[in-house]
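This report walks through selected features of one protein model. Have the sequence and the coordinates open as you read.

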Amino acid sequence: MTISPSCMDETDPSALTVEQALQRILERCEPVAGSDSVDLNDALDRILATTVTARLDVPPARNSAMDGYAFSGNEGRAGTRLRVAGVSAAGHPWDGTLKAGECVRILTGAVVPESADTVVMQERVTVRDDGITLDADCAPGSNVRHPGEDTRAGTEILSRGRRLTPADIGLLASQGIGEVRVVRRPRVVFFTTGDELAPLGQPLRHGQIHDSNRYTLRALLSRYPVEFVDFGVVADTEQAVREALVRAGETADLILTTGGVSVGDADFVTRLLQQEGEVGFWKVAMKPGRPLAFGRFGQALFLGLPGNPVSVMATFSLFARPALLRLCGTEPEAPWALRARLLEDLRKSPGRTDFQRGILERARGEWTVRSTGGQGSHQLRSMSLANAYIVLPSESRGATAGDEVDVIPFQSVF
Ligand code: AMP
Ligand code: MG
């Protein structure tokens, strides 16, 4: 009789902690060499290969923060009457010179004439005939934006290794920079293994399941600046797995697989890597996702994720993601953690850190979290319903409704 792992003592002295496994992985990951020059419109989420220095003052000239009237600040007392001598609109500066007792009509973003230093909002004046009267005192210098107030020419604005955000794209555009040098996209070859896996769009025969992992992996990978190549489903034969690994190992920077990393009869990935690659097979003291393989095959790094769909996602988020980011040339950030009030009792066996799937919500001024229900590593719906991991420490036996627990929002790990 075989005993299912959940009935056994979960404590395995040879298992690595999540932190140890991650450290071993990151030690072996280095940013890929090479860079591309890309159009700014294609640069979102790419990693900067060089530090960018501002070449312009932004804004380049003094301009108005408001629609109103520009004048010399010593004329800003309530009741002062000023004649409107011209108009300065965005893109259409007024190039005259103000005389005493004069102002210009000015619109937001328009250049403030040199002879003015103050703008009064249009809501604070009374307009009559060809002039205005100030309704209240207006402090000298009000509502004027100065050159370089946003960015000064010569300042380093974005560092090498930065993963470009929408704000960064706008910042670069404000500098007139239309092309950026970014790190080459690492090439990731991925495949799934298993004779039970059937393609989509085909009825399942007895004993078959659809290959969900390959779709999950592609979806996960598409969020990173990597080039990915799908090698399909690889059969559970030594020859098929060898062929896939050899072919992948010739061109990939990283090979990512699912399944076949246990010690069952059909687990060829394990055996081949031991014989022909360079690899460590680890048990990681986490649930879901205990077995993990990491090493090299050919010229590529190799990361073999477990087969169960939830374990795939969990190990991807905790190990593959930081590895990918490092390969891409940017430093992975530690996942965000927050504390949330648990809404129900949760149980676990000591010996592994649990990453249970939870629904995190903000309710009545505090974060609360509840379970998605069934937590089996085959229950992919638990991932689909969840928006966060509930992290229960290795030694704990669970938590009680009302306890504060550690929670990792999915946004920070996927
Ligand atoms: P393995 O590690 O290959 O023994 O797989 C562990 C479990 O995950 C088995 O129940 C497999 O049927 C399942 N599994 C493996 N690969 C996939 C896949 N690509 N899609 C869905 N389930 C899978
Ligand atoms: Mg298998």
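## Basis and conventions

Helices (H or I, at least four residues) and strands (E, at least two) are DSSP runs, numbered from the N terminus. This is a predicted model: local features need pLDDT of at least 70, side-chain atom pairs count only at pLDDT 80 or more, and totals for chains, interfaces and linings use all residues. Residues are numbered from 1 along each chain as its sequence is written, chains are lettered from A and ligands numbered from 1 in the order in which they are written, and side-chain values use heavy atoms, with hydrogens and water left out.

## The six-stranded sheet

An open sheet of 6 strands runs in the order β16-β13-β17-β21-β20-β18. Its pairing is mixed. Two strands pair if DSSP finds at least two bridges between them. The edges are β16 (227-234) and β18 (278-283). Each has a single partner strand, so one side of each lacks a neighbour in the sheet. From one strand to the next, the twist averages 15°.

Several pairings can be followed strand by strand. Strand β13 (residues 187-193) and β17 are parallel, with 5 bridges. There, Val189 has Ile255 of β17 as its bridge partner. Strand β21 (residues 300-305) also runs parallel to β17, again over 5 bridges. Leu305 in β21 is the bridge partner of Thr258. Strand β20 (residues 291-297) pairs with β21 in the antiparallel sense, over 5 bridges. In that pair, Phe294 is bridged to Leu303 of β21.

## Helices on the sheet

Contact here means heavy atoms within 4.5 Å. Axes are lines fitted to C-alpha atoms, for helices over the stretch in contact, and angles run from 0 to 180 degrees between N-to-C directions. Helix α3 packs on the sheet and touches β13, β16, β17 and β21. Its direction makes about 160° with that of β13. Helix α4 (residues 238-251) also packs on the sheet. The strands touched by α4 are β13, β16, β17, β20 and β21. The direction of α4 makes about 170° with that of β16.

## An enclosed strand

How many residues of strand β17 are buried? The count is 5 of 5 in this strand (residues 254-258), so β17 is largely enclosed by the rest of the structure. Buried means under 20% relative accessible area, exposed over 50%, and partly exposed in between (1.4 Å probe, protein chains only). Both faces of β17 are covered. Leu254, Leu256 and Thr258 are buried on one side, and Ile255 and Thr257 on the other.

## Helix pairs

The axes of helix α3 (residues 213-221) and helix α6 (residues 309-328) come within 11 Å and cross at roughly 30°. The two helices are therefore roughly parallel. Angles under 35 degrees count as roughly parallel, over 145 as roughly antiparallel, 65 to 115 as roughly perpendicular and the rest as oblique. The crossing of α3 and α6 is right-handed. A crossing is right-handed if the near helix is turned clockwise from the far one by less than a right angle, and left-handed if anticlockwise. From α3, the contact uses Asn213, Thr216, Leu217, Leu220 and Leu221. From α6, Pro309, Val312, Met313, Phe316 and Leu324 take part. These residues divide into 8 nonpolar, 2 polar and no charged. Ala, Val, Leu, Ile, Met, Phe, Trp, Tyr, Cys and Pro count as nonpolar, Asp, Glu, Lys and Arg as charged, and the others, Gly among them, as polar.

The axes of α4 and helix α5 (residues 268-276) come within 10 Å and cross at roughly 60°. This pair is therefore oblique. The crossing of α4 and α5 is right-handed. Glu238, Val241, Arg242 and Leu245 of α4 meet Phe268, Val269, Leu272, Leu273, Gln275 and Glu276 of α5. The contact of α4 with α5 has 6 nonpolar, 1 polar and 3 charged residues.

## Backbone details in loops

Two cis peptide bonds come next. One runs from Val58 to Pro59, with omega near -5°. Pro59 sits in the loop between β2 (52-53) and β3 (63-64). Another runs from Lys287 to Pro288, with omega near 0°. Pro288 is in the loop between β19 (286-287) and β20.

Asp45 has phi near 70° and lies in the loop between β1 (35-39) and β2. Asp45 is partly exposed, at 31% relative accessible area. Arg364 has phi near 45° and lies in the loop between β24 (353-363) and β25 (366-371). Arg364 is exposed, with a relative accessible area of 85%.
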